[in-house]
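Good morning, and thank you for the time on today's agenda. I would ask you to keep the sequence and the structure in view while I speak.

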Amino acid sequence: MSFSGEVKEELLRQVGKSRHCQIAELAAIIAFDGTGIENQLLNEKYHLLVKELFYIEETEDEVEEWRILELVKMWNRETATPQMESTVNGILLQQMCCRRAFIRGAFLAGGSISDPNKSYHFEIVCRTLEQANQLRDIINSFEMEAKIVERKKYQVVYLKEGAQIVDMLNIMEAHVALMNLENVRILKEMRNSVNRKVNCETANISKTVNAAVKQLEDIVYIRDNAGLDSLPDNLREIALLRLENPDAPLKELGTYLNPPVGKSGVNHRLRKISEIAEALRG
C-alpha cells in the first residue's frame, strides 16, 4: 500500500468526538466528492459518520438523503431540493476542531501524499477555485503556507515542505503516519549530513593533494634550473623535506624542522618557494 493509502486508512478510523466535528467532516466529504461516494474507503467513512450522527444501528435502513444534506447545510427547505455548492457553509467551520475535521474529510475525498522517501508533496484536488480558496484559507489558519495551482480543469491546494506536511498530518490526527514520516525525514537528514561531510572532506583532501603537487613541481623546477643551493637555508630545508615527504600535511612537515615550525610558518616558506619558481619561469 502507498504511503497516501496508509494515511487514509488511519484517517478512516479517526472520528471526531464532538457532533459538530463529525458534521464538518461529513460536509467536506460530500462537497469534495461531489456527485457521489464511489471510493470504497470514502464510502465506509461516509456511512460511519452518518451512523454516528443519526444514532442508527447497522441493521436499520439508510437515512434519507435530504436529512443528511439538511444536517450539513446543503438542503433548501423552501424548494425541498439539494443546495449543492462547492464551498461548505462557514457556520460549520467556526471552531478549530471542526476545521481539523473538515481538512480530514477533504483529504479523504480528494487528497494524496507522495512517498516521503522520494519527495515531500501534499495536495487536495478541488472542483472550483472557490472551494480551493476556502480550503487554503482553512489550512493556513493553522499557520501553514498552502498554495493553489491550476491543473487541467481542477484547482489543487498543496504543500511542499516536509515540516509542514508533518504538521498537516498532526492537524488531521494521523499520528501513526506522522511518526513514520518523521522517521523518514530523520534518516534523510542524517544521510544528507553524512554526504555533506564526506563531500567537504573529499574537497579538502583534493585541495591538499593539489597544493602538494604544485609545491613539488615548483621545488623540482628550482632544483633543475637553479639548484636548491640557490635557496636560503630555511627554504632549502623545507624544500628537501617536501621532496622526502610528498604526502605529508603541512603541520606534519613542520614537526620535522629543528626547531619545529607551525603550519602557517611552513605554508609561508612554501609560498616563498612558489614565488621564486614563478620568477624563474617568467
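Let me begin with a definition: rings of Phe, Tyr and Trp, the six-membered ring in the case of Trp, form a pair if their centres lie within 6.5 Å. Planes under 30 degrees apart make a pair stacked, planes over 60 degrees apart make it edge-to-face, and the rest are tilted. By this rule the structure has 3 aromatic pairs. Please bear in mind throughout that this is a predicted model.

I shall describe two of these pairs, starting with Phe32 and Phe102. Their ring centres are 6.0 Å apart and their planes meet at 65 degrees, so this pair is edge-to-face. Where do Phe32 and Phe102 lie in the chain? Phe32 belongs to helix H2, residues 19–33, and Phe102 to helix H5, residues 96–110.

The next pair is Phe107 with Phe122. Here the ring centres are 5.4 Å apart and the planes are at 10 degrees, so the pair counts as stacked. Phe107 is again in helix H5, while Phe122 is in strand E4, residues 122–126. Phe107 and Phe122 are both buried.

Helix H2 also holds Ile29. Is Ile29 buried or exposed? Its relative accessible area is 0%, so Ile29 is buried. Ile29 and Tyr46 are 17 residues apart in sequence, and their C-alpha atoms are 7.3 Å apart in space.

The charged end of Lys188 sits over the ring of Tyr120, at 4.3 Å from the ring centre. In a second case, Arg281 lies over the face of Tyr221, 4.7 Å from the centre of that ring.

I turn now to the cysteines. A disulfide is a covalent bond between the sulfur atoms of two cysteines. How many disulfides does the model contain? The count comes to 0. Cys97 shows why: the closest cysteine sulfur to its own is that of Cys21, at 3.4 Å, which is too far for a bond. Cys97 has a relative accessibility of 31% and so counts as partly exposed. Cys200, at 43%, is partly exposed as well.

Next, the largest pocket. Its volume is about 500 Å³, and 23 residues line it. Which residues lie nearest its centre? They are Thr208, Ala211, Ala212, Gln215 and Leu250. The elements giving two or more residues to the lining are helix H8, residues 175–225, helix H10, residues 250–255, and helix H11, residues 263–281. Helix H8 gives the most, with 11 residues. By type, the lining residues divide into 10 nonpolar, 5 polar and 8 charged.

Staying with helix H10, we find Gly254 there. Gly254 has a relative accessibility of 0% and therefore counts as buried. Gly254 and Leu11 are 243 residues apart in sequence, and the distance between their C-alpha atoms is 66 Å.

In the loop between H10 and H11 we find Pro259. The peptide bond leading from Asn258 to Pro259 is cis, with omega near 0 degrees.

Glu143 has phi near 65 degrees, a positive value in a residue other than glycine. Glu143 is placed in the loop between helix H6, residues 129–140, and strand E5, residues 147–151. With a relative accessible area of 75%, Glu143 is exposed. Phi of Glu173 is near 70 degrees, again a positive value in a residue other than glycine. Glu173 lies in the loop between helix H7, residues 162–172, and H8. At 25% relative accessibility, Glu173 counts as partly exposed.

That concludes my presentation, and I thank you for your attention.

Definitions and conventions. Residues are numbered from 1 along each chain as its sequence is written. This is a predicted model: local features need pLDDT of at least 70, side-chain atom pairs count only at pLDDT 80 or more; totals for chains, interfaces and linings use all residues. Side-chain values use heavy atoms; hydrogens and water are left out. On a 1 Å grid over the protein atoms alone, a cavity is a set of points where a 1.4 Å probe fits but cannot get out, and a pocket is an open set with protein on both sides within 12 Å along at least five of seven lines; lining residues have an atom within 4 Å of a point. Grid points are joined across faces, edges and corners, and a volume is the space filled by probe spheres set on the points. Helices (H or I, at least four residues) and strands (E, at least two) are DSSP runs, numbered from the N terminus. Ala, Val, Leu, Ile, Met, Phe, Trp, Tyr, Cys and Pro count as nonpolar, Asp, Glu, Lys and Arg as charged, and the others, Gly among them, as polar. Buried means under 20% relative accessible area, exposed over 50%, partly exposed in between (1.4 Å probe, protein chains only). A charge sits over a ring if NZ of Lys or CZ of Arg is within 6 Å of the ring centre and within 35 degrees of the ring normal. A disulfide is a pair of cysteine sulfur atoms within 2.5 Å.
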